[in-house]
Each structure stands twice: as structure tokens, then as C-alpha cells.
Amino acid sequence: MSQRVVAVIGASSDPSKYGHKAVRAYLRQGWRVYPVTPKPDPIHGLAPVASISAIPEHVHRATIYLPPELGLRVLPEIAAKRVDEFFVNPGAESDELLEAARALGLEPIVACSIVDIGERP
């Protein structure tokens with residue numbers, strides 16, 4: 001099986017943030033990781049991409065670590081990328097975001113994606 005690809009949306013170079021812990025966890029589990037953030041700082045040695053649409057390959061999972069008001073802005077790009085799975089992590093969810101995601105054809109999984117891959121944040 002080819003390597004699974006994850007977009008960590010809201011990735012952070014701050015080790016205390018879950019957007020940083022997620023990048024580390026997915027790397028440890030053997031995923032190809034794309035940190036998605038407008039900030040240019042490398043995260044665990046990976047150059048960030050500004051948006052999920054800039055990722056040059058199929059994305060198996062998008063996992064979001066943004067406040068709901070920012071998450072709402074990126075939903076159309078996530079939907080356009082046709083990801084297999086869309087995780088909305090604790091703190092990123094709101095009724096408005098989940099409704100908007102479903103309206104775009106996404107099926108949000110409201111859960112910690114780090115725990116889902118067998119890691120502990």
C-alpha cells in the first residue's frame with residue numbers, strides 16, 4: 001500500500017500546540033505529512049504549504065486545528081480537494097462549521113485524529 005497522505009490544517013511550529021503535536025504523531029506513524037499554515041517556519045523539518053489546494057497529490061485525510069471561525073474559511077478548499085476523511089479536532093468544531101462542512105459534501109469526523117492513529121497527544 002502506498003504511503004497515506006495527511007494535511008494538518010493549522011499546523012504550528014509551537015511544540016505546545018496540537019497542530020504541532022499532530023505533525024509529529026503522523027510522522028511517527030509513517031504518514032506523508034503536509035503542514036498547512038500561512039507561516040513559513042518549518043515544522044519537524046517540513047516546509048509548510050499555504051493551503052490544502054497547494055498539495056500536489058491526493059490527500060487521504062485532512063485534520064483541522066483551527067478555531068471554528070477560521071475553519072469555516074478553509075472548508076471550500078477542503079471540499080474541492082476531495083479528501084477521503086475530514087477530522088474536526090476538539091476545539092475546532094462548532095455547529096456552524098459542521099453544518100457548512102456537510103453542505104459542501106464533507107462528512108466531518110468530530111474526534112482527535114492523533115488518538116485515532118494510535119498516538120497520545
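The report below goes from the whole chain to single residues.

## Overall build

The structure is a predicted model, and it holds four helices and five strands. Read from the N terminus on, these elements follow one another in the order β-α-β-β-α-β-α-β-α. The radius of gyration of the protein is 13 Å, close to the 14 Å that the globule rule gives for 121 residues, so the protein is as compact as a globular protein of that length.

Along its principal axes, the C-alpha trace spans about 35 × 30 × 30 Å. Of the 121 residues in the protein, 47% are buried, a class that takes in residues with under 20% relative accessible area.

Four acidic residues, Glu-93, Asp-95, Glu-96 and Glu-99, form a negative surface patch. One of them, Glu-93, is found in the loop that runs between strand S4 (85–88) and helix H3 (95–103).

Which residues other than glycine have a positive phi, with values near 50° and near 55°? His-44 is one of them, with phi near 50°, and Arg-82 is another, with phi near 55°.

His-44 is placed in the loop between strand S2 (32–36) and strand S3 (61–64), where its relative accessibility of 36% makes it count as partly exposed. Arg-82, for its part, sits in the loop between helix H2 (68–81) and S4, and its relative accessible area of 67% makes it an exposed residue.

Is Glu-107 buried or exposed? Glu-107 has a relative accessible area of 68%, and so it is exposed. Its place is in the loop between H3 and strand S5 (108–110).

Glu-107 can also be related to another part of the chain, for its C-alpha atom is separated by 9.8 Å from that of Ala-79, although the two residues are 28 residues apart along the chain.

Definitions and conventions. Residues are numbered from 1 along each chain as its sequence is written. This is a predicted model: local features need pLDDT of at least 70, side-chain atom pairs count only at pLDDT 80 or more; totals for chains, interfaces and linings use all residues. Side-chain values use heavy atoms; hydrogens and water are left out. Patches are made of residues with over 30% relative accessible area and no salt bridge: like charges are joined within 9 Å, nonpolar side chains (Val, Leu, Ile, Met, Phe, Trp, Tyr) within 5 Å. Accessible areas come from the Shrake-Rupley method with a 1.4 Å probe; for residues, only the protein chains shown count as cover. A salt bridge is a side-chain nitrogen of Lys or Arg within 4 Å of a carboxyl oxygen of Asp or Glu. Lys and Arg count as positive and Asp and Glu as negative; His and the chain ends are not counted. The place of a charge is taken as NZ of Lys, CZ of Arg, CG of Asp or CD of Glu. Helices (H or I, at least four residues) and strands (E, at least two) are DSSP runs, numbered from the N terminus. The radius of gyration is taken over C-alpha atoms; the globule rule is 2.2 Å times the number of residues to the power 0.38. Buried means under 20% relative accessible area, exposed over 50%, partly exposed in between (1.4 Å probe, protein chains only).
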